Amino acid sequence: MSPIAAVVFDLDGTLCTHSQPAEQLYEATFTAAGIDRFGTPDQLWDALNGSPPPDDERGYLAGGFVTVAAQEGRTPIDGLALAEGFISAVDRSAVSFTPHARTVLDRLANEVPLGLLTNGPEHRQRPKVDALGIEPYFETIVYAGDLPRRKPNGEPFHTIVSALDVDAANTLYVGNSLRLDIAGAQGCGMQSAWYAPAGEPPDPYRPEYVLRSLAELVEVVEL
């Protein structure tokens, strides 16, 4: 395997997790919308498919609420009103580091250039970056939601490799999604590390590295 000359991180689920209590957010959503509550946060998460598109978060959320309403016999329902309520209630800065993330950033920043590539648009993801105080660690940040195409498409990966001025083969991408992160990185010739603290073996995917802890990344980079 080629030596690692740069490391690029995913954000959500890799470096940070959302720390606003789901029950609090769900209750505040219905209060803001002026609609009697139905369902649970878990039902909503199950109804939502993947990450929200950068240009239609309201429609994405509305579809989830309509699905939950049908499950609960609460139709018809104003899904868009609930989507607006959710957006007004969510605290995008309510994030916390995943275990060892801050320590690993401190360590690797002295070893190789670092980049951040996240699928969301800047207006949704920048509050998380600011709340964590991690921008100084990165030579470049790519918000793929503001590009024509997002992960796993190759465009955001090629964009950040070019910005870092390194070869893709010598760049390691670290992420928690096999479909978005691992497949996308490998598709443009990067090495990949799947962060999966409690994950099952990644068959049929073949990441070069499987990390049960981000702390293991330091040894990978310093090999």
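**Exercise 1.** In this predicted model, both Asp203 and Arg206 are exposed. Find how far apart the closest N and O atoms of Asp203 and Arg206 are, and name the contact.

*Solution.* Start with the atoms: the closest N and O of Asp203 and Arg206 are 3.2 Å apart. The cut-off for a salt bridge is within 4 Å. Asp203 and Arg206 therefore form a salt bridge.

**Exercise 2.** Which network do salt bridges with shared partners build around Arg126? Then place Arg126 and Asp130 in their helix.

*Solution.* Step one: shared partners link Glu122, Arg126, Asp130 and Glu135 into one network. Step three: both residues lie in helix α6 (residues 122-132), 4 residues apart, so about one helical turn separates them. Step four: check accessibility. Arg126 is partly exposed at 26%. Asp130 is partly exposed too, at 46%.

**Exercise 3.** Are Arg149 and Glu155 buried, partly exposed or exposed? State their contact as well.

*Solution.* Arg149 has 46% relative accessibility, so it counts as partly exposed. Glu155 has 24%, so it is also partly exposed. Their side chains meet in a salt bridge, 3.8 Å from N to O. By the same rule, the structure's count comes to 14 salt bridges.

**Exercise 4.** How many disulfides does the structure hold? Classify Cys16 and Cys188 by accessibility.

*Solution.* The disulfide count is 0. Cys16 is at 0%, so it is buried. Cys188 is at 9%, so it is buried as well.

Notes: Residues are numbered from 1 along each chain as its sequence is written. This is a predicted model: local features need pLDDT of at least 70, side-chain atom pairs count only at pLDDT 80 or more; totals for chains, interfaces and linings use all residues. Side-chain values use heavy atoms; hydrogens and water are left out. A disulfide is a pair of cysteine sulfur atoms within 2.5 Å. Buried means under 20% relative accessible area, exposed over 50%, partly exposed in between (1.4 Å probe, protein chains only). Helices (H or I, at least four residues) and strands (E, at least two) are DSSP runs, numbered from the N terminus.
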